[in-house]
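Hi everyone, and thanks for coming. I'd like to walk you through one structure today, so please have the picture open and follow along with me.

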Amino acid sequence: MRWAPLPSRRPPFPVGPGERLLAWAEVRRPGDGPALVGGTRDALYLPARVPWEQVASADWDQEESTLRVVEVARFGTSSPVHELPLDDAGRLLQLVRERVTASIAVQRHVPVAGRRSVRILARRAPGTRGELAWFVEYDDGLDPADPRVDAVVQDALAAARADVEV
């Protein structure tokens with residue numbers, strides 16, 4: 001796949017101190033002026049700043065040319081979701097894929113009951129040795145308050161933490 005060349009100049013785009021815009025794309029919004037989304041080494045700007053380790057998922061719909069970004073949420077709250085119809089998103093998509101993947105330090109799939117399972121994830125800011133943030137994603141139909149489910153999760157978390165500490 002060949003990526004379209006970047007424009008010769010970066011667009012005016014406010015990023016955090018010490019950050020530099022690496023990729024961007026224009027958001028198609030009928031009736032509104034152009035808006036941009038962009039990414040730096042440390043965060044995705046939607047326009048609000050979302051650190052890469054806080055991006056739970058990012059999916060590209062080729063037919064609709066739409067990027068769907070889901071942010072990490074606290075257990076029991078809904079995850080913020082951003083639907084972004086983009087023009088010429090190639091470089092931004094490449095950056096999103098690379099930075100989100102780089103933020104995952106541990107990922108384990110753990111069977112719990114029948115075909116239902118949990119995913120144990122540990123994430124941190126890409127390129128750092130900072131503290132890990134641990135997450136558990138439950139398949140539909142699993143009750144985190146069920147003592148049997150919780151026992152499997154706690155054992156899996158302890159094993160993953162022990163492996164990382166080695």
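Predicted model: local features only at pLDDT ≥ 70, side-chain atom pairs only at ≥ 80, totals over all residues.

With that, let's go along the chain. It has two helices and 10 strands, and in sequence order they read β-β-β-β-β-β-β-α-β-β-β-α. The C-alpha trace spans about 55 × 35 × 30 Å along its principal axes. There are 166 residues, and buried ones make up 34% of them. If we take contacts between residues at least 6 apart in sequence, 39% of those join residues at least 24 apart.

Now let's look inside. Which residues touch the most other members of the largest nonpolar core? They are Val 37, Leu 44, Leu 84, Leu 86 and Leu 92, out of 20 residues in that core. Two or more core residues come from each of strand S1 (23–27), strand S2 (35–39), strand S6 (66–71), strand S7 (81–87) and helix H1 (90–102). H1 gives the largest share, with five residues. There is also a second, separate core of 12 residues, and Ala 122, Leu 132, Val 153 and Ala 160 are among them.

Let me stay with Leu 44 for a moment. If we skip its neighbours within four places in sequence, Leu 44 is in contact with Gly 38, Gly 39, Arg 49, Val 50, Trp 52, Val 55, Val 69, Leu 92 and Val 96.

Next, the aromatic rings. A pair of rings is described by the distance of the centres and the angle of the planes. The count here comes to one aromatic pair. Phe 13 and Tyr 45 form that pair, and the arrangement is edge-to-face, with 6.0 Å centre to centre and 85 degrees between the planes. Why does this pair tie together parts that are apart in sequence? Phe 13 sits in the segment before S1 while Tyr 45 belongs to strand S3 (residues 43–45), so the pair links parts 32 residues apart in sequence. Both Phe 13 and Tyr 45 are buried.

On to the pockets. Rolling a probe the size of a water molecule over the atoms shows where empty space is left. The largest pocket has a volume of about 620 Å³. Its lining has 20 residues, and Ala 73, Arg 74, Phe 75, Phe 135 and Val 136 lie nearest the centre. S6, strand S9 (116–123), strand S10 (133–138) and helix H2 (147–165) each give two or more residues to that lining, and the largest share, five residues, is from S10. How does the lining divide by residue type, and how many are nonpolar, polar and charged? In the largest pocket, 11 are nonpolar, four polar and five charged.

The second largest pocket holds about 300 Å³ of space. It is lined by 17 residues, and nearest its centre are Ala 56, Ser 57, Ala 58, Val 100 and Thr 101. At least two lining residues come from each of strand S5 (55–61), H1, strand S8 (104–113) and S9. This second lining divides into nine nonpolar, three polar and five charged residues.

Let's finish with some backbone details. Most residues other than glycine have a negative phi, and most peptide bonds are trans. Now go to Leu 46 and Pro 47: the peptide bond between them is cis, with omega near 15 degrees. Pro 47 is in the loop between S3 and strand S4 (49–51).

Where is Ser 65 placed? You will find Ser 65 in the loop between S5 and S6, and its phi is near 50 degrees, a positive value in a residue other than glycine. Asp 88 is in the loop between S7 and H1, and Asp 88 also has a positive phi, near 50 degrees. As for accessibility, exposed means over 50% relative accessible area. Asp 88 is at 57%, so Asp 88 counts as exposed, while Ser 65 at 24% counts as partly exposed.

Arg 91 is partly exposed, at 30% relative accessible area. The C-alpha atoms of Arg 91 and Ala 162 are separated by 37 Å, and the two residues are 71 apart along the chain.

Definitions and conventions
Residues numbered from 1 in each chain as written. Heavy atoms only, no water. Core = buried A, V, L, I, M, F, W, Y, C linked by side-chain atoms within 4.5 Å. Buried < 20%, exposed > 50% of the residue type's maximum accessible area, 1.4 Å probe, protein only. Helix = DSSP H or I, 4+ residues; strand = E, 2+ residues; numbered from the N terminus. Contact = heavy atoms within 4.5 Å. Phe/Tyr/Trp six-rings, centres within 6.5 Å; stacked < 30°, edge-to-face > 60°. 1 Å grid on protein atoms, 1.4 Å probe; cavity = no way out; pocket = protein on both sides within 12 Å on 5 of 7 lines; lining within 4 Å. Points joined across faces, edges and corners; volume = space filled by probe spheres on them. Nonpolar A, V, L, I, M, F, W, Y, C, P; charged D, E, K, R; others polar.
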